[in-house]
2 protein chains.
Amino acid sequence: MERHLDYDLDRIRQSLLRMGGLVEKMVADATQALVDRDTPLARAVVDRDHEIDLLEIEIDEDCHSILSRKQPTAVDLRFLVAVMKINSDLERIGDSAVNIAQSVEKLNEEPVLKPYVDIPHQSQLVQAMVRQSLDAFVRRDDRLAIDVCRGDDEVDGVYRKLFCELLGYMTEDREKVTRALHLLLISRNLERIADHSTNIAEDVIYYVSGRDVRHQTDQAATG
Amino acid sequence: MERHLDYDLDRIRQSLLRMGGLVEKMVADATQALVDRDTPLARAVVDRDHEIDLLEIEIDEDCHSILSRKQPTAVDLRFLVAVMKINSDLERIGDSAVNIAQSVEKLNEEPVLKPYVDIPHQSQLVQAMVRQSLDAFVRRDDRLAIDVCRGDDEVDGVYRKLFCELLGYMTEDREKVTRALHLLLISRNLERIADHSTNIAEDVIYYVSGRDVRHQTDQAATG
């Protein structure tokens with residue numbers, strides 16, 4: 001029975017990592033679609049949403065079935081609770097990537113407002129946060145998870161800087177309003193992805209150590 | 001033992017309802033602070049965030065402790081899983097209310113852009129969604145939960161209409177850009193609260209019927 005449980009938990013871990021890899025790629029592709037003005041790539045991100053939704057349901061059902069049949073305790077129980085929460089955050093990261101891709105589709109219909117520097121940088125930061133939070137989960141590494149939580153401040157900083165800059169574009173020239181607004185929404189979605197990665201990291205800390213560290217690293221964000 | 005479990009589950013239900021009542025009031029107060037230009041009320045919403053954070057942790061720990069000690073099955077297990085998810089959505093509704101209140105603080109520093117009609121209307125709709133999703137939970141009423149999911153379309157509709165209107169203000173007059181942007185962010189946060197209420201309603205359906213209906217009622221939203 002114990003060995004069966006390990007087998008079940010490992011299968012769930014693999015599914016969750018697959019989902020993590022998919023949503024991380026969605027974020028990367030949505031950003032690439034912006035930089036390369038590649039509208040079909042943006043559309044492909046939007047179309048991938050359905051796959052993520054199905055995977056979320058599959059993982060959740062798997063967790064529930066194991067909880068119900070095997071009644072795990074202690075660290076195994078914490079593992080399953082953490083997986084259900086991480087699963088939900090990954091799905092929302094996928095949603096944010098779709099929002100970004102939809103803004104990219106609109107941006108690509110107009111001339112480039114300015115060279116895209118800050119958003120690709122912000123996107124790199126949040127992709128690293130997604131990846132590291134899942135690495136921390138796999139390795140049961142609560143120190144790495146704490147590092148992820150700290151990364152959130154840098155992403156918030158980029159968002160605040162961009163917010164002011166884009167607001168400047170909007171007030172300077174009415175022709176730039178729509179484009180600046182879509183860039184602002186993209187940056188806001190990236191900032192949300194960082195929040196979800198922080199949530200994942202906090203779930204990892206709970207899973208590994210049994211400690212709940214939520215809301216100890218919160219920072220107020222603009223907007 | 002069974003009776004003890006019922007007692008535990010009832011305590012958790014009460015805590016969750018208390019949290020639901022608090023976040024619903026935060027949404028109502030943030031909106032009132034906009035309409036009445038009441039900055040201290042907006043500040044009070046921001047300050048209440050900490051209470052919600054603590055309540056979230058308390059409920060989560062309570063659920064985990066019961067899962068671990070009593071190993072409930074079937075509907076009781078589904079109840080606890082649903083509570084943990086609803087708890088997380090309520091906390092994020094609180095975060096959105098805080099975001100709204102922060103935008104209200106900035107808006108109240110400047111003259112009124114236009115009479116606030118659509119946002120109070122949208123806010124009424126989402127407050128009703130929050131309330132109904134929790135009513136559905138208490139009454140184990142999956143039909144009411146399905147109604148909540150349907151309400152999401154109307155809220156999205158208000159957001160899309162406002163998005164276009166506010167974009168119009170932004171392009172028309174540079175003086176209006178900042179205020180229109182904050183109103184847009186408020187409407188966007190209300191739209192997110194509707195999404196969270198839909199998530200809660202879907203969790204209620206799962207809890208009551210054992211069916212997972214997520215992503216069957218999704219609509220793409222602007223932004």
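Predicted model: local features only at pLDDT ≥ 70, side-chain atom pairs only at ≥ 80, totals over all residues.
Student: What makes up the secondary structure of chain A?

Tutor: Chain A has seven helices and zero strands. From the N terminus on, its elements therefore read α-α-α-α-α-α-α.

Student: What share of chain A is buried, and what makes a residue count?

Tutor: A residue is buried if 20 or more other C-beta atoms lie within 10 Å of its own. Buried residues are 49% of the 223 in chain A.

Student: Which residues touch the most other members of the largest nonpolar core?

Tutor: They are Ala30(A), Ala97(A), Val204(A), Ala30(B), Ala97(B) and Val204(B), in a core of 129 residues. Beyond its neighbours within four places in sequence, Val204(A) has contacts that include Ala82(A), Phe137(A) and Ala145(A).

Student: How do you know that the two copies are related as by a two-fold rotation axis?

Tutor: Chain B can be laid on chain A by a turn of 180° and a shift of 0.0 Å along the axis, with an RMSD of 0.0 Å. The copies are thus related as by a two-fold rotation axis. In chain B, Gln71(B) has the C-alpha nearest that axis, at 3.0 Å.

Student: What makes the contact surface the same for both copies?

Tutor: Of the contact residues of chain B, 100% recur in chain A.

Definitions and conventions
Residues numbered from 1 in each chain as written. Chains lettered and ligands numbered in written order. Helix = DSSP H or I, 4+ residues; strand = E, 2+ residues; numbered from the N terminus. Buried ≥ 20, exposed ≤ 12 C-beta atoms within 10 Å, placed from the backbone. Core = buried A, V, L, I, M, F, W, Y, C linked by C-beta atoms within 7 Å. Contact = placed C-beta atoms within 7 Å. Least-squares fit on C-alpha atoms with pLDDT ≥ 70 in both.
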